Amino acid sequence: MDIANRFAANPILRPSDLKPGIEGMEITCLLNPGVFRFKGKVWLLLRVAERPRQQEGMISFPVYNSLGKIEILSFDKNDPTLDLSDPRVINYKGDDFLTTLSYLRPMCSGDGIHFYEPDGYDSIFGEGKQETFGIEDCRVVEHEGQYFLSFTEVSPLGVGVGLIQTSDWKNFDRKGMIFPPHNKDCAIFDRKINGKYYALHRPSSPEIGGNYIWLSESPDMIHWGNHTCIATSRKGKWDSARVGAGGSPILTEEGWLEIYHGANADHRYCLGALLLDKDDPSKVLARSEEPIMEPIATYEQTGFFGNVVFTNGHLVDGDTVTIYYGASDEVICGAQFSIKEILSTLKK
Ligand code: MAN
């Protein structure tokens, strides 16, 4: 099932629309933007993934070295110890690397469809030993005029969740890692419940357990506790291999509505919904049996990594939620849903 109304202008942003942000690189993919309102405009915080122009027979990608400088690693594609089966990651002699380096880049728009790069607002790049493979998939939430950015930090040490606070999008207060490896897909609720902050996040447990959505609470957004699992992957369904939160849950009359992603063993990424109790979001009231959005458009089926629709940001206006999403891990798109319609699919 698919109840999304895609923008007629999709894809709204492609790699060729922008100039690379790192000297000597080209943009390979635009992915999974955070979304927020600021100064009367709609803003996207894009994940931009770059690497050098590829030479015949070689695979090359950038990493930050211990001095924080970009360094290019190159491997011979014919090396039998190299595993190239996934375009996103490679394994060389037992070590994992990403094939691109990602950073976060702001763009803004008056109409929510045509985006441009605003003067004076810079990209946010990885910093320090926990981000040497870059930063990705940023959720943005506003609390009392402050914006909180929860994003994926990647390095050989693992994949975790970092937090940055800003009020002006020019000065950034880096709070460090709030969920240690392996963890990603962290969406902070846009208001407190009973005086506490809440967040959804996705730890991965490689042996017992899996890639499940968890809920945690915090007095200060830095220290998180009372962790509880609210959604597991489901055998035989569209979300059988992994699930993870999208953007911040949306408060409706029926509870917190969370649009999440689920993938099956073939890495086909769809979107579904969860409904959580208003006062106690650890209580799951309903969950999509079928996806509310599937990769059915050509640009969602073919690209850097095909068959992917992935969102981690949206805007709400009355009954309409406008999601911005990465399609095929390569281009940025938009789509709208009626919140009432999503809720009605949850009632079977
Ligand atoms: C997965 C994919 C990649 C991402 C890495 C690290 O392999 O989501 O796009 O770069 O994880 O987060």
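Pro 15 is found in the loop between β1 (5-6) and β2; strands here are DSSP runs of E of at least two residues, numbered from the N terminus. At 13% relative accessibility, Pro 15 counts as buried, where buried means under 20% relative accessible area, exposed over 50%, and partly exposed in between, with a 1.4 Å probe and protein chains only. Pro 15 is 241 residues from Trp 256 in sequence, and the two are 34 Å apart in space, C-alpha to C-alpha.

Before I go on, a word on the source. This is a predicted model, in which local features need pLDDT of at least 70 and side-chain atom pairs count only at pLDDT 80 or more, while totals for chains, interfaces and linings use all residues. Residues are numbered from 1 along each chain as its sequence is written, and side-chain values use heavy atoms, with hydrogens and water left out.

Now the backbone. Most residues other than glycine have a negative phi, and most peptide bonds are trans. In the loop between β1 and β2 there is also Pro 11, and the peptide bond from Asn 10 to Pro 11 is cis, with omega near -15°. A cis bond also runs from Pro 181 to His 182, with omega near -15°. His 182 lies in the loop between β13 (173-179) and β14.

Two residues have a positive phi without being glycine. Lys 39 has a phi of about 50° and is found in the loop between β2 and β3. For Asn 194 phi is near 45°, and the residue lies in the loop between β14 and β15 (197-203). Lys 39 is exposed, with a relative accessible area of 64%; Asn 194 is exposed, also with 64%.

Next, the aromatic rings. How many aromatic pairs does the structure hold? There are 22 of them, counting rings of Phe, Tyr and Trp (its six-membered ring) whose centres lie within 6.5 Å; planes under 30 degrees apart are stacked, over 60 edge-to-face, and the rest tilted. Phe 61 and Phe 97 have ring centres 5.6 Å apart and planes at 45°, so this pair is tilted. Phe 61 lies in strand β4 (residues 58-64) and Phe 97 in strand β8 (residues 95-98), so the pair ties together parts 36 residues apart in sequence. Phe 61 and Phe 97 are buried.

Phe 115 and Tyr 324 have centres 5.8 Å apart and planes at 90°, so that pair is edge-to-face. It links distant parts of the chain: Phe 115 is in the loop between β9 (101-109) and β10 (134-143), and Tyr 324 is in strand β24 (residues 320-327), 209 residues apart. Phe 115 and Tyr 324 are buried too.

One aromatic cluster is formed by Phe 36, Phe 38, Trp 43, Tyr 121, Tyr 147, Trp 169 and Phe 172. Over the ring of Tyr 121 sits the charged end of Lys 170, 4.6 Å from the ring centre; the criterion is NZ of Lys or CZ of Arg within 6 Å of the ring centre and within 35 degrees of the ring normal. Likewise, the charged end of Arg 88 sits over the ring of Phe 305, 3.9 Å from its centre.

The largest pocket has a volume of about 980 Å³. On a 1 Å grid over the protein atoms alone, a pocket is an open set of points where a 1.4 Å probe fits, with protein on both sides within 12 Å along at least five of seven lines, and lining residues have an atom within 4 Å of a point. Grid points are joined across faces, edges and corners, and the volume is the space filled by probe spheres set on the points.

Of its 19 lining residues, the closest to the centre are Asp 190, Ser 248, His 314, Leu 315 and Val 316. Here β23 gives the most, with five residues.

Notes
Helices (H or I, at least four residues) and strands (E, at least two) are DSSP runs, numbered from the N terminus.
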